[in-house]
Amino acid sequence: MKIAVEGCMHGDLDNVYRTLQHYEKLHSTKIDLLLCCGDFQAVRNEKDLESLNVPRKYRDMKTFWKYYSGEEVSPFPTIFIGGNHEASNYLWELYYGGWAAPNIYFLGFAGVVKFGNIRIGGLSGIYNRHNYCKGHYERPPYNESTIRSIYHVREYDVHKLMQVEEPIDIFLSHDWPVGITDCGDWKKLVRDKPFFEKEVQERNLGSKPAAQLLEKLKPPYWFSAHLHCKFAALVQHEEAGSVTNFLALDKCQPGRKFLQVIEIESEPGPYEIQYDEEWLEITRRFNSNFPLTNRSANFWCVPL
């Protein structure tokens, strides 16, 4: 199975799909799936732009609307997570995950799906310690505060992912797991991005919850974006003796390293995106504790 991974989409679906179609012709191959690591910008109409946390001069419809309306159809099955530049009002409608457009699937604020026999998990948003333990209290129309906090990772969603026991093959997060720079060429990273050096040295670059999930799930592949650069790392899990191949990718712009194609062993196709039974059970079990105010969830009262 050949899987293409893209960093920050920023609504530029047309160019990403054209690039992949060019890759297919150049290498005489077929891409089975596209994964996007956030900042997808699923903007359907001008109203959605009001929920996109970017300066007004950068609010642009881009090209997702064409796929939502049916004017265009995605040439590849596409799975994406959310980042910190999203049409948050629309992604909130798809909190549990779902079809954002034909052949384009949002993994939800946290989620696991199957593609063939490959299990793909993901966590949307970025980490902010001030909002981490709160519930999902934000509702559109967003104000200057909630337009930012809506995409902050919540403990409730991470806790659900921590319950996953069956092996995950690929995991997606928008921001990097904190400490991941220890496992790659961090010196080259800070040469290219010197403003990261202080955070790298103080081990503050990235997400603590993502690091916890990396330690728990130990997937063979973990992909991220957010920092607009390419960075590779190899994480050796001492306990299990397994290895996670980590790769962060850039945003979709000319000359940037925003795409990577990997090949993984799988059962023969055709493939389709399917619900994951274990994740459905976890979602059912924790749904009665879904925190819809700024109070944290009560994990002590979860029914079996």
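The structure is a predicted model, in which local features need pLDDT of at least 70, side-chain atom pairs count only at pLDDT 80 or more, and totals for chains, interfaces and linings use all residues. Residues are numbered from 1 along each chain as its sequence is written, and side-chain values use heavy atoms, with hydrogens and water left out. Helices (H or I, at least four residues) and strands (E, at least two) are DSSP runs numbered from the N terminus.

**The seven-stranded sheet**

- An open sheet of 7 strands runs in the order E10-E11-E9-E8-E7-E6-E13 with mixed pairing, where two strands pair if DSSP finds at least two bridges between them.
- The edge strands, each pairing on one side only, are E10 and strand E13 (273–275), and the twist averages 25° from one strand to the next.
- Angles such as this run from 0 to 180 degrees between N-to-C directions, with axes taken as lines fitted to C-alpha atoms, for helices over the stretch in contact.
- Strands E6 and E7 run antiparallel and are joined by 6 bridges, and Phe-115 has Ile-118 in E7 as its bridge partner.
- E6 and E7 form a hairpin with 2 residues between them, and Gly-116 in this turn has a positive phi of about 65°.
- E7 and E8 run parallel with 4 bridges between them, and the bridge partner of Gly-121 in E8 is Phe-171.
- Strand E8 (residues 170–173) is joined by 3 bridges to strand E9 (residues 221–224), again in a parallel arrangement, and Ile-170 has Tyr-221 in E9 as its bridge partner.

**Helices lying across the sheet**

- Helix H8 lies across strand E7 (118–123), E8, E9, E10 and strand E11 (242–248), and runs at about 165° to E9; contact here means heavy atoms within 4.5 Å.
- Helix H9 (residues 277–286) lies across strand E6 (110–115), E7 and E13, and runs at about 155° to E6.

**Enclosed strands**

- Because 6 of the 6 residues of E7 are buried, this strand is largely enclosed by the rest of the structure; buried means under 20% relative accessible area, exposed over 50%, and partly exposed in between (1.4 Å probe, protein chains only).
- Both faces of E7 are covered, with Ile-118, Ile-120 and Gly-122 buried on one side and Arg-119, Gly-121 and Leu-123 buried on the other.
- Strand E1 (residues 2–6) is likewise largely enclosed by the rest of the structure, because 5 of its 5 residues are buried.
- E1 pairs antiparallel with strand E12 (residues 259–263) through 5 bridges, where Glu-6 stands opposite Leu-259.
- E1 also pairs parallel with strand E2 (residues 33–36) through 4 bridges, where Val-5 stands opposite Leu-35.

**Pocket and cavity**

- On a 1 Å grid over the protein atoms alone, a cavity is a set of points where a 1.4 Å probe fits but cannot get out, a pocket is an open set with protein on both sides within 12 Å along at least five of seven lines, and lining residues have an atom within 4 Å of a point.
- Grid points are joined across faces, edges and corners, and a volume is the space filled by probe spheres set on the points.
- The largest pocket holds about 340 Å³ of space, and of its 16 lining residues, Ala-211, Leu-214, Glu-215, Val-235 and His-237 lie nearest its centre.
- Helix H8 (208–217) and strand E10 (231–237) are the elements that give two or more residues to the lining of this pocket.
- The structure holds 1 cavity of 30 Å³ or more, and the largest cavity has a volume of about 140 Å³.
- This cavity is lined by 17 residues, of which Phe-109, Ser-124, Gly-125, Ile-150 and Tyr-151 are the closest to its centre.

**Backbone geometry**

- Most residues other than glycine have a negative phi, and most peptide bonds are trans.
- A cis peptide bond with omega of about 0° joins Pro-140 and Pro-141, and Pro-141 is found in the loop between E7 and helix H4 (146–149).
- The peptide bond from Gly-269 to Pro-270 is also cis, with omega near 5°, and Pro-270 is found in the loop between E12 and E13.
- His-10, in the loop between E1 and helix H1 (13–27), has a positive phi near 50° and counts as buried at 16% relative accessibility.
- Arg-203, in the loop between helix H7 (197–201) and H8, has a positive phi near 55° and counts as partly exposed at 45% relative accessibility.
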